[in-house]
Each structure stands twice: as structure tokens, then as C-alpha cells.
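My notes follow as numbered points.

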Amino acid sequence: MKPAERSGARLAVVQALYEMEIAGKGVIDALAEFEAFWIGQVIDDVEHPPAETAFFRDLLRGVVEEQRAIDQRLDAALAAGWPLRRLEAVVRAILRAGAYEVIFRRDVPVKVAISEYVDVAHSFYEGEEPGLVNAVLDKVGRAVRPDDFNKGSRAG
């Protein structure tokens, strides 16, 4: 497992979640499409990075299977009056994937997961969205894995 391939998997999951929401695709179709045609390919002069396939599959399936619990956590972390459904689809996809890792992938340090999804947000946005992703995932992380924040300034 190469860190770059995990980063590629995270980016691909966000793209797949967005595609699923916009096009109404199911998880099986999204997995097949992304593994066959997107991951590690150049499409319309855009290079899609290689991705750790097993990690990609786990993230995508996990977000879909746990979406209700994830969305409840995200709604609780968002400012009053700004439920998840009011956010733009790409931001929702980033937050859902990040929250899945923070809540359910205990093998991934919470600070690493947050940093990775802030980087993903920077791939799509230059404005306030990366800061929103950081703040919301930090709040979720502190709620579900407080010990990870009390270990001092351990590099992730």
C-alpha cells in the first residue's frame, strides 16, 4: 500500500459518490465504472491517479452502507440551519467519505483522514470549502475518537 494510492482512492471515492448522486447509479455500477474506466486513466486530458482498489471498494461500499449514521453525525457537526442536504453535492461527497474513515476506519489516524479530505477539497475548490471540510471532520473526529486528539501533537 502506497500513500499516494490511498490518496487516489479517496479522490476516486468522492468522484464516484458524486456520480452516484447526480446520475442515480448504484454502488455496483459505480465500482465497475471507476475501476474499469477512471482510476489510473487519462480522460479529457485529466489524469486520474492510481488508487488502491481494495481501499477504494471499502470506502465506497462503507459510505453507502453507513450513510444514514454518517449523515446524522455530519448534520450534528454542521452549523444550525445548514443541514447536509443544503451543501453542494461534491462537498457532501467529501464529507461523507471523510466521516466514514473517521468513524469506521480505526486503522487510519483521524488527523490523517481529515488532512487527506481537506486535500481532496482543495482539488475541487479554492474558496472556503476546504476550511468547512476541516472544521466539520474535526468536530466529528473529536466526538467519535477523542483519544486521538489527546495524544499530543503526533504527526499523522
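1. For the ring search, rings of Phe, Tyr and Trp (its six-membered ring) pair if their centres lie within 6.5 Å, and planes under 30 degrees apart count as stacked, over 60 as edge-to-face and the rest as tilted. On that criterion, a search of the whole structure returns one aromatic pair.

2. As to provenance, this is a predicted model, in which local features need pLDDT of at least 70 and side-chain atom pairs count only at pLDDT 80 or more, while totals for chains, interfaces and linings use all residues. Residues are numbered from 1 along each chain as its sequence is written, and side-chain values use heavy atoms, with hydrogens and water left out.

3. The protein has eight helices and two strands, where helices (H or I, at least four residues) and strands (E, at least two) are DSSP runs numbered from the N terminus. Their order from the N terminus is α-α-β-β-α-α-α-α-α-α. Of the contacts (heavy atoms within 4.5 Å) with a separation of 6 or more, 69% join residues 24 or more positions apart.

4. Of the 156 residues, 45% are buried, buried meaning under 20% relative accessible area, exposed over 50% and partly exposed in between, with a 1.4 Å probe and protein chains only.

5. A nonpolar core is here a set of buried Ala, Val, Leu, Ile, Met, Phe, Trp, Tyr and Cys residues joined through side-chain atoms within 4.5 Å. The largest one has 49 residues, and those with the most contacts inside it are Phe 56, Leu 60, Ile 94, Leu 95 and Tyr 117. Helix 5 gives the most to this core, with ten residues. Leaving aside neighbours within four places in sequence, Leu 95 is in contact with Leu 74, Leu 84, Leu 87, Val 133, Val 136 and Leu 137.

6. In helix 4, the buried residues are Ile 70, Asp 71, Leu 74 and Ala 77. They lie on the same side of helix 4 because they cover an arc of only 125° around the axis, the arc being that of the directions from the helix axis to the C-beta atoms. These buried residues pack against helix 3, helix 5 and helix 7, whereas the face turned away from the buried side of helix 4 carries the exposed residues Arg 68, Gln 72 and Ala 76.

7. A charge sits over a ring if NZ of Lys or CZ of Arg is within 6 Å of the ring centre and within 35 degrees of the ring normal. The charged end of Arg 6 is placed over the ring of Phe 55, 3.9 Å from its centre, and that of Arg 86 over the ring of Trp 82, 3.8 Å from its centre.
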